[in-house]
Amino acid sequence: MVLQVLLALFEKDCRFNRKLVNLHTGEQNSPDYMKINSDGLVPVLKDGEKVIVESDKIIQYIDKEVKSGPNLVPDPNTSAGRDVQRLQNLMADINVRLLTFGVIANQELSINGVKMPRIFLKIISGRSGKDMVTNLENNAVKYPDLSQAYLTKAEKTRRGIDDAFKKENVVKCLTDAERKFDQLEECLQKNQGATGKDYWLTGPQFTAADILLAVIMDRLTILGLEDRFFSKSGRPLLFEYQQRISQKKSVQMLRAEAKKIGPLLLLSGVKSVAPYVGSVAILVLAIGAGIWYLKNK
Ligand SMILES: N[C@@H](CCC(=O)N[C@@H](CS)C(=O)NCC(=O)O)C(=O)O
């Protein structure tokens, strides 16, 4: 997720250039972008000639290349490294994409109400995502070099939309995610006594696993699910953890950034992008998007 990478950059105190990719207008599906990342997904990191895709690989790269700031991805041959990896794998099983679209499509599943501007929610519920799939299929014909990439993405998008509108899928996804949160709570329990007052998922060090959890927790909050996943009475250590996270400068910077992106994209015109205004568009509005150009390490 874009926000994961952004948080890692803030943690590392790394200067970078960014280029916004407007998911709302379908810029990620343009042939120019698909040539950079044939999955048509953000984020992408470019460092000179190097192009890196997938948030966890990008974070690994940043951690290795940027010397400032904390070590986010400890050596996997150490016990700290293995802990980080285990927790990352545990959280990777949470289907954040289905949770996001699914709860927006079935808002009765939200406990505290989806905290997104009404206009965005209206856009999503007002149109099916079918236009987006059709556009991808058209592009497959128009750009033969990228035909397979477009067809693969069209199929994935179609499946994603179908899944999000099947309430039972979303309910199961939420239940599965809750089991993961039970494990995370247990993990904090183990750390609590062992470390000082500022303990994180794997101990005293804030790592890539914490970055992922911070971003997932913020997403759950936007979806109005904080009371289900990390209430003071339900999972008290995760509740406290969330409060500690909120004190971090990097997290505050991240939230400020996320707030700025929504209006910025709206300025680029909701009406003019009608063909792409499907349920997928919300991702931009909720979390922003970008190609990150890493510079001045
Ligand atoms: N596994 C990828 C997932 C990337 C991803 O799902 N990106 C979303 C935004 S967070 C996206 O680009 N959506 C646009 C689309 O599906 O067209 C990663 O972690 O980088």
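# Briefing: a predicted chain of helices and strands

The chain has 14 helices and 4 strands. This is a predicted model. Of the 297 residues in the chain, 42% are buried. Among contacts with a separation of 6 or more, 75% join residues 24 or more positions apart.

**Confidence**

- The chain has a mean pLDDT of 84. A pLDDT of 70 or more is reached by 83% of its residues.
- Helix H11 (residues 226-229) has the highest mean pLDDT among the elements, at 98.
- Helix H14 (residues 282-287) has the lowest, at 26.
- Over residues 269-297, pLDDT stays under 50. The model still has 101 contacts beyond four places in sequence for residues 269-297.
- Where pLDDT is low, predicted coordinates should not be read in detail.

**Nonpolar cores**

- In soluble globular proteins, nonpolar side chains tend to be buried together.
- The largest nonpolar core holds 66 residues. Leu7, Ile59, Ile211, Leu213 and Ile216 touch the most other members.
- Helix H10 (residues 208-222) gives the most to this core. The contribution of H10 is 10 residues.
- Leu213 touches Met91, Leu184 and Leu201, leaving aside residues up to four places away in sequence.
- A second core is separate and has 7 residues. Among them are Met34, Leu136, Ala149 and Tyr150.

**Helix H3**

- Helix H3 spans residues 55-65. Its buried residues are Ser55, Ile58, Ile59, Ile62 and Asp63.
- Lys57 and Lys64 are exposed. Both sit on the face of H3 turned away from its buried side.
- Ile59, buried in H3, is also one of the residues that touch the most other members of the largest nonpolar core.

- Strand E2 covers residues 44-47, and strand E3 covers residues 50-53. The two strands pair in the antiparallel sense over 4 bridges.
- Val44 stands opposite Val53 in E3.
- E2 and E3 form a hairpin with 2 residues between them.
- Gly48 is in the turn. The phi of Gly48 is positive, at about 65 degrees.

Key. Residues numbered from 1 in each chain as written. Predicted model: local features only at pLDDT ≥ 70, side-chain atom pairs only at ≥ 80, totals over all residues. Pairing = 2+ DSSP bridges. pLDDT = per-residue confidence, 0-100. Contact = placed C-beta atoms within 7 Å. Core = buried A, V, L, I, M, F, W, Y, C linked by C-beta atoms within 7 Å. Buried ≥ 20, exposed ≤ 12 C-beta atoms within 10 Å, placed from the backbone.
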